[in-house]
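User: Hi! Could you walk me through this model and tell me what lies behind the labels you use?

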Amino acid sequence: MPPFCEIPSVSHYWLRNGRVPLTLLADEALALLQKSRSNSDLNSDKSDTATVDIEVHQGKVITLRPASVGMADDVPNELLPELPTEVPAVDLRSGLIWPCFVDMHTHLDKGHIWPRSPNPDGTFAGALETVHKDSAQRWTAADVYRRMEFGLKCSYAHGTQAIRTHLDVFDQQGKISFEVFRQLREEWADRVLLQAVCLVTLDYFMGPKGEALADLVADAGGILGGVAFTNPEIVQQMDRVFELAKARGLDLDFHTDESLDPDDMALRYVAEAAIRHEFSGRITCGHCCSLSVQSEEVASTTIKRVKEAGVSVVSLPMCNLYLQDRQVGRSPRFRGVTILHELKSAGVKVALASDNCRDPFFAYGDHDGLEAFTQSVRIGQLDHPIADWPQAITRSPAQMMGLEKIGQLGEGLSADLVAFKARSFNELMARGQSDRVVIRKGKQIDTALPDYAELDDLMNN
């Protein structure tokens, strides 16, 4: 589907009459626009948005002001001058405009192996075994590079600006995958900000291989991480990982409690280790599914520790729904999505992300930040009101990744935007937005997605 509007191919123009979610505005812009809501707007969620005109010049937003038309009666006329006629303007017709997406938990190295290595039964165990076999047999540098690049092409076309990917790096795969990551990070630096986390089980760090891996991660400018399982050695394993990270100045990112076992409490062990080691770096934990089946008392105790430790949580609802409580011939009873409302209410920073894509852990997906957001809202009941949940796929993950200047709209910031024909959150989530307009550094990009056929030669068994 062609884009719903065309952006002028000039360095100076206005985006007129666009609706910006208030929660996605930089603080200064929000203060300016608090009174810019339209009394005549038809949106049921109008209190969450402001109608604005945005001036773009040389790839940056230089003016963000209440729109010239359709404003509330209490906005003084002097704040609503006519747009200069010599500068081109595009009327967005009250369509939503967002900053670009930030997808902070992905697995680009696994992506798109489904056609050659499908999950035989859709279970977590089936996924582990299938990926293990595929990686052992097929994950050369060329294979990993092409599949990761395919995922980046999809993400970029959909409007994602920054990605954190986890990389399976046992033994020699570490050097292969991190070298591919470094190459892609450099090649895509002007399009997608790319970060990488090493992914092994934590026992791997207890020997010399683990120290060598930590050095590899540090040399690549990556994040130290792994899958944390609750087991008798978890305290020692956590201490080791934190020591390695502190010695190298690395942030941490763990997979925790991706199960429906209420006894799984790796998230709490991460938080307690952070407090014990007085860790000053950033810590993120993904999944945290077991919180959803624990008692209120147990979950509340963990959340208090997480808040005290400054640990952030990223939820992956699409993948968790696909895998959790899957049994042949039986409908799922428990879905495994973590308790986002409780975490956020306690002051824990939370994010949403897409996770796996067309691999044994999740058979579907298209590296689309909007899909991750809309599906998460439906699955996690993050609506009525929508409040500031749009931050969970933009500003919050950007902060969790240490990227302070993206995921928000404001004067002086790069014009990295996604414009939608949808005029409200309801319209945005009720219908697919394949005609969205993606603007990067002030320029409209081609949003055509890569053809799956590009990878056909890699799928031969």
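Analyst: Happy to! Let me start at one pair of residues: Arg440 has Lys443 as its bridge partner in E16. This is a predicted model, in which local features need pLDDT of at least 70, side-chain atom pairs count only at pLDDT 80 or more, and totals for chains, interfaces and linings use all residues. Residues are numbered from 1 along each chain as its sequence is written, and side-chain values use heavy atoms, with hydrogens and water left out.

User: Why are E15 and E16 said to pair?

Analyst: Two strands pair if DSSP finds at least two bridges between them. E15 and strand E16 (residues 443–444) are joined by 2 bridges and run antiparallel, so they meet that definition. Strands here are DSSP runs of at least two residues (E), and helices are runs of at least four (H or I), numbered from the N terminus.

User: What makes up the hairpin of E15 and E16?

Analyst: The hairpin has 2 residues between the strands, and Lys441 in the turn has a positive phi of about 50°.

User: How do you know that E14 pairs with E15?

Analyst: Strand E14 (residues 417–419) makes 3 bridges with E15 in the antiparallel sense, and the requirement is at least two, so the pair qualifies.

User: Which way do the residues of E15 point, and are they buried or exposed?

Analyst: In E15 (residues 437–440), Val437 and Ile439 point one way, Val438 and Arg440 the other, and all are buried. Buried means under 20% relative accessible area, exposed over 50% and partly exposed in between (1.4 Å probe, protein chains only).

User: What makes something a pocket, and what is the volume of the largest pocket?

Analyst: On a 1 Å grid over the protein atoms alone, a pocket is an open set of points with protein on both sides within 12 Å along at least five of seven lines, whereas in a cavity a 1.4 Å probe fits but cannot get out. The largest pocket has a volume of about 750 Å³, meaning the space filled by probe spheres set on the points, which are joined across faces, edges and corners.

User: Which residues line the largest pocket?

Analyst: Lining residues have an atom within 4 Å of a point. There are 32 of them, and Lys110, Leu128, Asp168, Phe170 and Leu199 are the closest to the centre of the largest pocket. Helix H2 gives the most to this lining, 6 residues.
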